[in-house]
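Visitor: Hi, could we look through this one together?
Guide: Happy to, let's bring it up.

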Amino acid sequence: GALHALGSGGEPGALDAIRRIHARSRVNFVAVQAARAAGGLAGEDAVAFCLSLVGQPYEPLRAQALESLVRLNCPADKLLAAARAPLASPLVRTRVHALLAMAAAGTPPDDLLEPLRELLMTDDGLARLARVAKEAPAR
């Protein structure tokens, strides 16, 4: 849709348009698409926008914001700070993206073992974990 085109076109003013659409919409799906579109841009402003979305209460939005921050090559210290709270998310997808963000920020693999074990041992439907793993960005 229009947000995808804004995020992939790299046109001047694209982020401002994405922010306006996000601010005006009350539909969670649109907020998630805005985070995805911002992840296709570049620059500190896009990073700041996505960082602001990680703190929102809607879990799929937090997951998408983390994914976008990884795509934007967010500075490691900011990425680590953004990923810490979502590690405790009730949504498996958000926790998966928090782990991916921590790995992208250079967290030593040994430090990821315990959160990964907790994720794999969750009672929250491992079937959903398989679906999230399919959606995770390729490395």
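Guide: E67 forms a salt bridge with R93, with the closest N and O atoms 3.8 Å apart; a salt bridge here is a side-chain nitrogen of Lys or Arg within 4 Å of a carboxyl oxygen of Asp or Glu. E67 lies in helix α5 (residues 59-71) and R93 in helix α7 (residues 92-104), so the pair ties together parts that are 26 residues apart in sequence. Helices are DSSP runs of H or I, at least four residues, numbered from the N terminus.

Visitor: What should I know about the model itself?
Guide: This is a predicted model, where local features need pLDDT of at least 70 and side-chain atom pairs count only at pLDDT 80 or more, while totals for chains, interfaces and linings use all residues. Residues are numbered from 1 along each chain as its sequence is written, and side-chain values use heavy atoms, leaving out hydrogens and water.

Visitor: Are E67 and R93 buried or exposed?
Guide: Both E67 and R93 are buried, meaning under 20% relative accessible area with a 1.4 Å probe, protein chains only (exposed is over 50%, partly exposed in between).

Visitor: How many salt bridges does a search of the whole structure find?
Guide: It finds four salt bridges. Among them, R117 pairs with E114 at 2.7 Å between the closest N and O atoms. R117 and E114 both lie in helix α8 (residues 109-120), three residues apart.

Visitor: Switching topic, which residues of α2 meet α3?
Guide: L15, I18, I21 and H22 in α2 meet V30, A31, A34, A37 and A38 in α3, contact being heavy atoms within 4.5 Å.

Note on methods:
Helices (H or I, at least four residues) and strands (E, at least two) are DSSP runs, numbered from the N terminus.
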